[in-house]
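Here is a brief report on one protein model. Look over the sequence and the fold before reading on.

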Amino acid sequence: MRPKRIILIRHGESEGNLDRSRYHTVQDFALKLSSTGIQQAQQAGMRLKEILGDEKVYVYLSPFFRTRETFQHVREAIKQNVVKSIEDPRIREQDWGHLRHPDDNKGIIEERDNFSTFYYRIPDGESGADVYDRVSSFLDTLHRDFKKESFPENVLIVSHGLTMRLFLMRWFHWSVEEFESLHNPKNCQIVIMERQPDNHYILSSELSRK
């Protein structure tokens, strides 16, 4: 009843990744891909095609502009594989609240890193634990979808670095310390979970450690 693979991919390089000052004038959800991010997404699509071959895939994606754009370019290579794609706000980026000056964001990031990435709640935004809770709700939906007779061999989740890491934490029951010892995936990094004969999954991709 479970898919052969669960594949996660982070969005390509965004305007915000390229220029932090963009966070002062553009809402986080509205940031788009840079030209490099578009190329990363196209290359990721070709790599995904090599992984999937002729197998079908069901896609869940964050509704943020940069994840939608990433999937748009990924899909160029795998459009024959995709049986359905659906946006799910529960796998969006951690909420950073209102627009802030880059210097203010820098101070928040330093304070969060010193306190705890998981427990620190961004002012007017979310903590990592908040994201963990909504990812847990998303997993409930995922498991219900797995039970559908027509569900394909593969799942693709197009999301964000921290959200992906928290998804893996929730799925594999990692401790907070294990979660915080890992870096986020890089832009357009593909992370693969593979089903084993006992129907459990292993993480066949590596995340770099801090």
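## Basis

This is a predicted model, in which local features need pLDDT of at least 70, side-chain atom pairs count only at pLDDT 80 or more, and totals for chains, interfaces and linings use all residues. Residues are numbered from 1 along each chain as its sequence is written, and side-chain values use heavy atoms, with hydrogens and water left out.

Helices (H or I, at least four residues) and strands (E, at least two) are DSSP runs, numbered from the N terminus. Buried means under 20% relative accessible area, exposed over 50%, and partly exposed in between (1.4 Å probe, protein chains only).

## Helix α6

Helix α6 covers residues 161–172.

Of the 12 residues in α6, 10 are buried. Among them are L162, L166, F167 and W171. Their cover includes β1, α5, β4, α7, β5 and β6, where contact means heavy atoms within 4.5 Å. Just after α6, H173 takes a positive phi of about 60°.

## Strand β1

β1 has partners in β4 and β5; strands pair if DSSP finds at least two bridges between them. Six bridges join β1 to β4, and the two run parallel. Here I9 stands opposite V158. With β5 the pairing is antiparallel, over five bridges. There I6 stands opposite M193.

## Aromatic contacts

The whole structure holds 13 aromatic pairs. Rings of Phe, Tyr and Trp (its six-membered ring) pair if their centres lie within 6.5 Å; planes under 30 degrees apart count as stacked, over 60 as edge-to-face and the rest as tilted. F29 and F65 make an edge-to-face pair, 6.2 Å centre to centre with 80° between the planes. F29 lies in the loop between α1 and α2 and F65 in helix α3, so the pair ties together parts 36 residues apart in sequence. F29 is partly exposed at 40% relative accessibility, and F65 is partly exposed at 28%.

F138 and F167 form a tilted pair, 6.4 Å centre to centre with 55° between the planes. F138 is in α5 and F167 in α6, so this pair links parts 29 residues apart in sequence. F138 is buried at 0%, and F167 is buried at 2%. Both belong to one aromatic cluster, which also includes W171 and Y201.

Notes. The expected span of a helix is 1.5 Å times one less than its number of residues.
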